[in-house]
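Here are my notes after a pass through this one, roughly in the order I'd look at things on screen. Have the viewer open while you read.

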Amino acid sequence: MKRCLAVLLGSFCTLPAMAEVYVAPFGGYSFGASEFDISSTETEDKGQVKVAESQNYGVMLGFTTKDPGNVYLLYSHQGTDLKTGDNFSPKVITSMDVDYFHVGGSLYFPMQGVKPYVTTSLGLTNMRPGGAYSNETRFSVAIGGGIEYQATETFSLFAEVKGYATFINADNSLFCGNDGCLWNIQSDIMWQGQANIGASLKF
């Protein structure tokens, strides 16, 4: 991970002369989001709420490095629901869009046409509930690994798994509405996993 961060920071200082620019759309599934402990501001009811599992899609835009590796900008979108249970009703509170805006870097370990890699990134998580609930933006980091198959000099396919950590740092109201906040939320970090497949095209 330390080497990945060194690649990320060093590569932004100077764009290598032989670097190749690439674009890499991807799609996958977001899973395993951690739960928030919540309590009602109007009653003494307590429970938990979480971001539901669902499909995601996104794109990376970056350039290669000589390590070998790459540096990239990432956008990932998940259309999902904010769900709860226990003493709260209904099960689905509201729809929820979760977007990641990250800058990251990868380090490859080439093995002929197949290239295993590790990757890390950091940036912002934007959570946008439907209806009158407020949007929330928090700092987040990610780490993952995958494998890339180099089909041609310019085209490759990849599969990867990532873990995202969003720093909520909340022990008070979150996702408030026009009529006030219905819940108090106690949480430090929201964890979420992603399993993706995609294609990369170099220019």
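1. Start with F203, which sits in the segment after strand 10 (183-202). Keep in mind that this is a predicted model. F203 has a relative accessible area of 61%, and since that is over 50%, the residue counts as exposed. F203 also belongs to a nonpolar surface patch, together with V21, L61, Y149, F155, L157 and L201.

2. Next, the aromatic rings. How many aromatic pairs does the count come to? The count gives four. One of them is Y75 with F101: the ring centres are 5.3 Å apart and the planes are at 40°, so this pair is tilted. Y75 belongs to strand 5 and F101 to strand 6, so the contact ties together parts that lie 26 residues apart in sequence.

3. Then have a look at F139 and F167, an aromatic pair that is stacked, with 5.9 Å from centre to centre and 25° between the planes. This pair links distant parts of the chain, 28 residues apart: F139 is in strand 8 (residues 136-150) and F167 in strand 9 (residues 155-170). F139 has a relative accessible area of 40%, so it goes down as partly exposed. F167 is at 28% relative accessibility and is therefore partly exposed too.

4. The ring in question belongs to Y108, and the charged end of K115 sits over it, 4.7 Å from the ring centre.

5. Is S106 buried or exposed? With a relative accessible area of 4%, S106 is buried, because the cut-off for that label is under 20%. You'll find S106 in strand 6 (residues 92-108). Its side chain has a polar partner: the side chain of T119, in contact at 3.0 Å. Also worth a click is V71, which is 35 residues from S106 in sequence, while the C-alpha atoms of the two are 6.6 Å apart in space.

6. Two backbone details, in case you plan to go through the torsions. The peptide bond joining D67 and P68 is cis, with omega at about 0°. P68 is in the loop between strand 4 (54-65) and strand 5 (69-84).

7. The other backbone detail is Q112. What is the phi of Q112 near? Phi is near 60°, a positive value in a residue other than glycine. Q112 is found in the loop between strand 6 and strand 7 (114-129). Its relative accessible area is 83%, so Q112 is exposed, in contrast to S106, which is buried.

How values were computed
Residues are numbered from 1 along each chain as its sequence is written. This is a predicted model: local features need pLDDT of at least 70, side-chain atom pairs count only at pLDDT 80 or more; totals for chains, interfaces and linings use all residues. Side-chain values use heavy atoms; hydrogens and water are left out. Helices (H or I, at least four residues) and strands (E, at least two) are DSSP runs, numbered from the N terminus. Buried means under 20% relative accessible area, exposed over 50%, partly exposed in between (1.4 Å probe, protein chains only). A polar contact is a pair of N or O atoms within 3.5 Å; within protein, one must be able to donate a hydrogen and the other to accept it, and residues adjacent in sequence count only if both atoms are side-chain atoms. Rings of Phe, Tyr and Trp (its six-membered ring) pair if their centres lie within 6.5 Å; planes under 30 degrees apart count as stacked, over 60 as edge-to-face and the rest as tilted. A charge sits over a ring if NZ of Lys or CZ of Arg is within 6 Å of the ring centre and within 35 degrees of the ring normal. Patches are made of residues with over 30% relative accessible area and no salt bridge: like charges are joined within 9 Å, nonpolar side chains (Val, Leu, Ile, Met, Phe, Trp, Tyr) within 5 Å. Accessible areas come from the Shrake-Rupley method with a 1.4 Å probe; for residues, only the protein chains shown count as cover. A salt bridge is a side-chain nitrogen of Lys or Arg within 4 Å of a carboxyl oxygen of Asp or Glu.
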